[in-house]
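Q: I would like to learn how to read a protein model, one feature at a time. Could you take me through this one slowly?

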Amino acid sequence: MKNLSLLILSFVLLLGATACESELDLVPQGAPSSGNFWKTPADAKAGVNAIYALYSDDNMYGRGFFWLNNASDDIGTKPRQNAERIKNFIVDGAESDTKDIWRIHYEIMKRCNDVIRNIPKINLDEKTKNTMLGEAYFNHAVMHLELAYHYGDDRAGIPIQDREAPTNVYVPRAKNVAENYAYIAADLVKAADLLPYFNELTSDNYGRAHKTAAWGYLVRTYLYAKDWDNAIKYANMIVNSGKHKLLDNFEDVFKIKNNWSSEYIWSVTSSAENTSLGSIFPGVCLEDKGWGAYNGWGNFYPTKELFDTYDPTDKRRSATILQKGDKFLYFGELVTFNEGKYIVSSSNRTGYQFNKYMEPFGYPKTNSGGIDIRYVNANGDKPSTALNVPLLRYADVILMLAEAKLMKGLNADTEINMIRHRAGLGDLAGATMTDLKRERRCELAGEWTDRHFDLVRWGDAQATYAKPLHHYNGTVIYPARNFNPAIHHVWPIPPDEIAVSKGALTQNKGW
C-alpha cells in the first residue's frame, strides 16, 4: 500500500485540483481527461491511481460523509449547528459539512469513466488492462451505490453519467433508484470477472479492488434493491471462496497488524510508512483535544441507547465503547476513561467514546516526547493513523446473508450464531429479524455500514427516532425527533448542483 499511497499523493500534487461548477461537470479536477494524456502505460497507471486519491478526503471517509450517519440513534455529536440540523432532519443540502459528498462521489465516478473509456486504447498486456478496468468498474459502482441509496428512491434515482460521451454534462435523474441498482450490479459483475482475488495481489498493491470486494458490494446492492435471491447468491460465493474468515477475537479486527486480515474486504487504506495519508476518522472519534496529548476532534460519540443494546457479557461492548472507569492504553500509559486527568470534556455529549479506533493512540511517544509517526500522524490537524478504516468486512457479509435469508423466510441461525460465538454469546434457535437487527447494531456500531440507513431500509426509523437519546448518566441529550418516512428516507440534493444543472436535476420531494 506504501507504493499506491505515494503514487496517489505525488499524482495529485503534480496535477493539482481545478474548481468545478458542478459535480456533473466533466472538466478534470486533479485527474487526467484527454488531450495529450491517456497515451502510455504510465498514463494508464496514473489514471487508475487517481481514482483512489479522494477516498481520504476529509469530506469523504474522513468525517464529512459520516455526518449523515449522525442522524442515527447510535451517535451523539459534539455541539455543532449542522450536526443538530442533520439530527432533526431540517437540512437543505447546502451545509458545509455535507454539500461536497455528492460532488466528490461524482468526481470519483468521472475518473473511473475516464479509465473505462481510455485504457482500452492504450498498449497494455491483457492482464494489466483487465485489472485496471476492473478497478474502475468497481470503484464507480461503490460511489454510485452510496449516492443511490442516500439520494434516490422509487420516485427518482440519481444521474447516471454518460460513460461514452463525457461532454454530455447535464444528465437527468434516473427514472427511479431501481435503474441505478441495475447499473451498479452490472458494473460489479464486470469488475468481479476482471479482478484477481486479494491473495493474488502483491503487497504493494494492497488497497486496490479485488474480486470478493466486488461480490461484497453486489450483496449490499441487492440488499438495498430487496433482491434477496441475488444477495444470498453472492454472499455464498464469498463464503464458499474460502478467502475470508472471522478473526477469533473481535477486538483484533481494529488493530493495525490486521489491516489486511482474513476479515478485510474493503477499507479506507492507510500507510504505516506515511501516516499523513489515510482517513482522519480515528482522530475524529478521539476525545475532543485528546486530554492535551493529541488534537482529537471529538465529533462522534456512542449513545447510552447503543451501550444498553449489548448484553453485559458481550465481548464487543468493551471493544467498541469506552465507559467511565474503563482502563485503556493512551500513548503508552494505562489510564482510566472519564476519571481524573482523563475526564471527558463538556463537548462530549454522551460520556462515552468509541474504542474501535483507539489502538494507534496506544503506542508510546518517542524518547523526545513526539508522536510516533509509525502509528499516528504528528499533525493533529489531520489526525490520520496507520489503521485502515473498514468500509465492508466479512462479518458484514455474514449479517447481510442472514438478513436476506430471513427476508425470504429461511433459517439464518448458522450465520447469526457465527457472529454471536465470537462475541462470547450463546446460540440462538429460530433467530428472527429482531435478533438480526440487534447483532448488526452491536457488531457494526460506529462503522461506515450506516446504522441510519439500516433503520430506513427496515422501516424502523420513524419509531426509533420518536424516542429520546441519552447521556450515560440518563439525562436526555436529544429529545424525540420527527422523522417523516415519505420525505426523510433520502437526503436533499445540494441546491448548488440543482442551480447549475440547467433543469436536469430536481430536488427530492419534501426537502
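Q: Is Trp 291 buried or exposed?

A: Before the answer, a word on the source: this is a predicted model, in which local features need pLDDT of at least 70 and side-chain atom pairs count only at pLDDT 80 or more, while totals for chains, interfaces and linings use all residues. Residues are numbered from 1 along each chain as its sequence is written, and side-chain values use heavy atoms, with hydrogens and water left out. A residue is called buried when its relative accessible area is under 20%, exposed when it is over 50%, and partly exposed in between, with a 1.4 Å probe and protein chains only. Trp 291 has a relative accessibility of 12%, and therefore counts as buried. Its place is in the loop between helix H10 (281-285) and strand E3 (300-302), where helices (H or I, at least four residues) and strands (E, at least two) are DSSP runs numbered from the N terminus.

Q: Which backbone angle of Trp 291 deserves attention, and what is known of Phe 331?

A: Trp 291 has a positive phi of about 55° although it is not a glycine, and Phe 331, also a residue other than glycine, has a positive phi near 50°. Phe 331 is found in the loop between strand E5 (327-330) and strand E6 (333-336), and with a relative accessible area of 10% it is buried.

Q: What surrounds Thr 77, and which side chains does its own side chain meet through polar contacts?

A: Contact means heavy atoms within 4.5 Å. A polar contact is a pair of N or O atoms within 3.5 Å; within protein, one must be able to donate a hydrogen and the other to accept it, and residues adjacent in sequence count only if both atoms are side-chain atoms. Thr 77 lies in strand E1 (residues 75-77) and is buried, with a relative accessible area of 0%. Its side chain makes a polar contact of 3.2 Å with the side chain of Asn 70, and another, of 3.1 Å, with the side chain of Tyr 478. When neighbours within four places in sequence are left aside, the residues in contact with Thr 77 include Trp 67, Glu 84, Asn 299 and Arg 349.

Q: How many residues make up the largest nonpolar core, and which of them touch the most other members?

A: A nonpolar core is a set of buried Ala, Val, Leu, Ile, Met, Phe, Trp, Tyr and Cys residues joined through side-chain atoms within 4.5 Å. The largest one here has 143 residues, of which Tyr 61, Ile 119, Phe 138, Trp 266 and Tyr 330 touch the most other members. Helix H6 (residues 126-151) gives the largest share of this core, 13 residues. A second, separate core has 5 residues, among them Leu 247, Phe 250, Val 253 and Phe 254. As for Phe 138, its contacts beyond four places in sequence include Leu 188, Ala 213, Tyr 217 and Trp 266.

Q: How can I check the length of a helix, and how many residues of H5 are buried?

A: The expected span of a helix is 1.5 Å times one less than its number of residues. Helix H5 (residues 100-118), with 19 residues, reaches 27 Å from its first C-alpha to its last, close to the 27 Å expected. In H5, 18 of the 19 residues are buried, so this helix is largely enclosed by the rest of the structure. Just after H13, Gly 409 takes a positive phi of about 80°.

Q: How many cavities does the structure hold, and which residues lie nearest the centre of the largest?

A: Rolling a probe the size of a water molecule over the atoms shows where empty space is left. On a 1 Å grid over the protein atoms alone, a cavity is a set of points where a 1.4 Å probe fits but cannot get out, and lining residues have an atom within 4 Å of a point. Of the 13 residues that line the largest cavity, Val 253, Asn 258, Asn 259, Ser 267 and Pro 390 lie nearest its centre. Strand E2 (264-268) and strand E8 (389-393) each supply at least two residues of this lining, and E2 gives the largest share, 3 residues.

Key
On a 1 Å grid over the protein atoms alone, a cavity is a set of points where a 1.4 Å probe fits but cannot get out, and a pocket is an open set with protein on both sides within 12 Å along at least five of seven lines; lining residues have an atom within 4 Å of a point.
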